[in-house]
Amino acid sequence: MNVTQVRRDILQDNKAQAQNIRNLLAKNGVTMINVMASPGAGKTSSILRIIETMPKDCSIAVIEADIDSMVDSIKVKDAGAVAVQINTGGSCHLEIPMLEPALDLIDLRSTDLIIVENIGNLVCTAEFDIGADANVMLLSVPEGDDKILKYPLMFSICDALVISKTDYLALPSNDFDPQRLTQRLAALNPEAQVFSTSAYENQGFEALCGYIRGIIAAKAPACNNR
Amino acid sequence: MHELGVTKLIAQTVIDEARKVEAHRIVEVHLIAGAMRHLEQEWVQYYFDRFSKGSVAQDAQIVLEETPIVNECQACFELYSPNLEDGHSHECPHCKSASIRRISGGELIIKQIVWE
């Protein structure tokens, strides 16, 4: 019997693939954000509000990843953005080999922002880096502020946490405590920025889009005055 | 059940390492997984058996070591494991500083392989 100390990061190949994607996007001056959340947290509604709120000369493409169906990409096209649908055929998360063919369908040179709507899942989507500039996680008020106790990895890898469906905070049945959530988040991921939005009331998207514009501006200075 | 995706990578990595050392058979695979990964040894073994079938890693035993979430206070450099349920997990328990850095809890590493 032999023992070999390997000390190898299992995700190192994934990280290398993600870096290749970042290099490709950087070369073309494109920003990509990875939107992750549970099913029903409001990912598509929020993306539609982002498209509406971002400056009109910001060229946006959306990659919609779903196990099945085209409903989300149809909504995005109707909103005026370029939409590419990926049906993962059962896979519960997006990986780079699935993303690459979708990127091939987008004219990167004329695109400023790619929004990837990952599959509704708080576990597996957090495990795979897809090469985005920012991981944006949505947690809707009806899901409860305790989700961070159950899915800490997702909260630990997000660059921005968006508390969505804040219109529900006003309901008498509400027990969601944003402060309790943000304190717990600070223990796991002190760098994460926190936003609050309601797609229903169209609240909070100016601040969220300001954050996205900041990432675009840092990456593509030519777009700075947008 | 979410172990499927990462276990595929574990099996690929182990088979790759087996090739490097020219192993005939992998006997044990020792993994280090941070607590945030929520990996269950039973499920990792189940999927590993499927992904390693017919390879040198077939029948290898998975040994999973879970490492806790550990934060380092940036003011006094105290190390602590935050208890997210106590309401003060964002503060250093020693000096109460909120300037902290997480240093472990998300890792996923093949520590060692035992082989013949």
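**Note on pockets, a cavity and helix packing in a predicted model**

1. Six elements, namely α1 (12-27), β2 (31-36), α5 (124-127), β6 (134-140) and α7 (152-157) of chain A and β5 (100-104) of chain B, each contribute at least two residues to the lining of the largest pocket. The structure discussed here is a predicted model. Among the elements of this lining, β5(B) provides the largest share, five residues.

2. The space in the largest pocket amounts to about 670 Å³. Its lining consists of 36 residues, and those nearest the centre are Leu153(A), Ser156(A), Ile157(A), Arg37(B) and Arg102(B). Sorted by class, the lining of the largest pocket comprises 15 nonpolar, nine polar and twelve charged residues.

3. The second largest pocket has a volume of about 400 Å³. Of the 19 residues that line the second largest pocket, His93(A), Glu95(A), Phe128(A), Gly5(B) and Lys8(B) are nearest its centre. Two or more residues of this lining come from each of two elements, α1 of chain A and α1 of chain B. The greatest contribution is that of α1(B), with five residues. By class, the lining of the second largest pocket holds eight nonpolar, eight polar and three charged residues.

4. The helix α1(B) also calls for comment on its packing. Helix α1 (residues 3-21) of chain B packs against helix α2 (residues 41-52) of chain B at an angle of about 55°, and the two axes are 9 Å apart. At this angle, α1(B) is therefore oblique to α2(B). The crossing of the two helices, α1(B) and α2(B), is right-handed.

5. On the side of α1(B), the contact is formed by Glu3(B), Leu4(B), Thr7(B), Lys8(B), Ile10(B), Ala11(B), Val14(B) and Ile15(B). On the side of α2(B), the residues are Trp43(B), Val44(B), Tyr47(B), Phe48(B) and Phe51(B). The contact of α1(B) with α2(B) divides into ten nonpolar, one polar and two charged residues.

6. In chain A, α1(A) packs with helix α4 (residues 96-104) at an angle of about 15°, the axes being 11 Å apart. Because angles under 35 degrees count as roughly parallel, α1(A) is described as roughly parallel to α4(A). The crossing of α1(A) and α4(A) is left-handed.

7. The contact of this pair involves Asn14(A), Gln17(A), Ala18(A) and Ile21(A) of α1(A), together with Ile96(A), Pro97(A), Glu100(A) and Leu103(A) of α4(A). By class, the contact of α1(A) with α4(A) includes five nonpolar, two polar and one charged residues.

8. The volume of the largest cavity is about 50 Å³. Its lining is made up of Ile33(A), Val35(A), Ser46(A), Ile47(A), Ile50(A), Val136(A), Leu138(A), Val162(A), Leu208(A) and Ile212(A).

9. At least two residues of the cavity lining come from each of β2, α2 (43-53), β6 and α9 (205-219) of chain A. Of these elements, α2(A) gives the most, with three residues. The lining of the largest cavity has nine nonpolar residues, one polar residue and no charged residues.

Definitions and conventions: Residues are numbered from 1 along each chain as its sequence is written. Chains are lettered from A and ligands numbered from 1 in the order in which they are written. This is a predicted model: local features need pLDDT of at least 70, side-chain atom pairs count only at pLDDT 80 or more; totals for chains, interfaces and linings use all residues. Side-chain values use heavy atoms; hydrogens and water are left out. Axes are lines fitted to C-alpha atoms, for helices over the stretch in contact, and angles run from 0 to 180 degrees between N-to-C directions. Helices (H or I, at least four residues) and strands (E, at least two) are DSSP runs, numbered from the N terminus. Angles under 35 degrees count as roughly parallel, over 145 as roughly antiparallel, 65 to 115 as roughly perpendicular and the rest as oblique. A crossing is left-handed if the near helix is turned anticlockwise from the far one by less than a right angle, and right-handed if clockwise. Contact means heavy atoms within 4.5 Å. Ala, Val, Leu, Ile, Met, Phe, Trp, Tyr, Cys and Pro count as nonpolar, Asp, Glu, Lys and Arg as charged, and the others, Gly among them, as polar. On a 1 Å grid over the protein atoms alone, a cavity is a set of points where a 1.4 Å probe fits but cannot get out, and a pocket is an open set with protein on both sides within 12 Å along at least five of seven lines; lining residues have an atom within 4 Å of a point. Grid points are joined across faces, edges and corners, and a volume is the space filled by probe spheres set on the points.
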